Amino acid sequence: MSTIDKAGTFTLGGRTVKRLGYGAMQLAGPGVFGPPKDRDAALAVLREAVASGVDHIDTSDYYGPYVTNQIIREALHPYPKDLVIVTKIGARRGEDKSWIPAFSAEELTKAVHDNLRNLGIDVIDVVNLRAMFDTHGPAEGSMEAPLTVLADLQRQGLIRHIGLSNVTAKQIADGRKIADIVCVQNMYNVAHRDDDKMIDDLARDGIAYVPFFPLGGFTPLQSSTLNDVAKRLGATPMQVALAWLLRRALNILLIPGTSSVAHLRENLAAADLVLPNDAIKALDGIAGESAAA
């Protein structure tokens, strides 16, 4: 058994994928905008990920924009038959690097066609619709109109499956009345655990939960507890955070991103990390520490 296989598998859109995947966001330039500093390094990371057994890559055409999908195509096309590529739509980038809602039927349809063209495929495995009512986190608002557009594109054969991102429990419930939702992608990590109940509810229905920012993202998590556990186990804080997520629920699929082959290997090695009970207890308490800070 290879290292990544130890993470186990889960169903994503009718396909069985390994629970440790790869997120392509960091392949773009600073601020997820423009080209990478080292395109060859970006290509090498993707090829190393697939060679290491990764069969789930998360991306979006608004990373760059267009940059990551074009790099994915250059690195991996024609794609391995077992590779599941998941993309996101619902936003676009301003010239000032801002993130702008793009929820109209015309914008969503164009986004799907842009993803198809830049990835070099005829149908997208999974398209996540990202809610943009608040760019800082989930906020209530109707997803009916954009989800109806995606459902129509699915009927046309351009999309196999639909997911949601940056959403509330109500938006998921409402969305499932319109289309079959195969995954939810929200911010969640050892310190930011607002979605605890949501994860468990989705698990009961066989729906994948894909947490982003496992170490806090643009505002890195500061936790002496996490650092202490990592030091004691001879691991990195990122490896411990990923191992905790793998243990948290079987429906969690991880997509840690990096632009470094060495860092990629470190992330994938998290599948090997066994957390003793006292470490798990300490890590479980970090969310409370963050709330009290």
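**The sheet and what surrounds it**

Start with lysine 88: its bridge partner in β8 is asparagine 128. This is a predicted model: local features need pLDDT of at least 70, side-chain atom pairs count only at pLDDT 80 or more, and totals for chains, interfaces and linings use all residues. Residues are numbered from 1 along each chain as its sequence is written, and side-chain values use heavy atoms, with hydrogens and water left out.

Now the strands. Helices (H or I, at least four residues) and strands (E, at least two) are DSSP runs, numbered from the N terminus. Two strands pair if DSSP finds at least two bridges between them. In general, strands of a sheet pair through backbone hydrogen bonds, either parallel or antiparallel.

Here we have an open sheet of 7 strands, with parallel pairing. The order is β3-β4-β5-β8-β9-β10-β11. Its edge strands are β3 (22-23) and β11 (208-209), and each pairs on one side only.

Look at β8, residues 124-130. Is β8 enclosed or open? It is largely enclosed by the rest of the structure, because 7 of its 7 residues are buried. Buried means under 20% relative accessible area, exposed means over 50%, and partly exposed is in between (1.4 Å probe, protein chains only). On one side, 4 bridges join β5 to β8, running parallel. Then 6 bridges join β8 to β9, residues 159-165, also parallel. In β9, serine 165 is the bridge partner of arginine 130.

Over at β11, 2 bridges tie it to β10, residues 181-185, and the two run parallel. Valine 184 stands opposite tyrosine 209 there.

Next, the cores. A nonpolar core is a set of buried Ala, Val, Leu, Ile, Met, Phe, Trp, Tyr and Cys residues joined through side-chain atoms within 4.5 Å. The largest has 82 residues, and those with the most contacts inside it are Tyr22, Leu46, Ile72 and Leu283. Helix α8, residues 237-248, gives the most to this core, with 7 residues.

What does leucine 46 touch? Leaving out residues up to four places away in sequence, the list is Tyr22, Leu27, Ile57, Ile71, Ile72, Ala75 and Leu76. Contact means heavy atoms within 4.5 Å. A second, separate core has 12 residues, including Phe10, Val84, Ala208 and Ile255.

On to a pocket. On a 1 Å grid over the protein atoms alone, a pocket is an open set of points with protein on both sides within 12 Å along at least five of seven lines, where a 1.4 Å probe fits; lining residues have an atom within 4 Å of a point. The second largest pocket has a volume of about 240 Å³. That volume is the space filled by probe spheres set on the points, and grid points are joined across faces, edges and corners. Of its 17 lining residues, the closest to the centre are Tyr66, Ala91, Arg92, Ala111 and Asp114. Helix α3 supplies the largest share of the lining, 5 residues.

Last, the backbone. Glycine 64 and proline 65 are joined by a cis peptide bond, with omega about -10°. Proline 65 is in the loop between β4 (56-58) and α2 (67-76). Histidine 77 and proline 78 share another cis bond, omega about 0°. Valine 32 is not a glycine, yet its phi is positive, about 55°. At 6% relative accessibility, valine 32 counts as buried.
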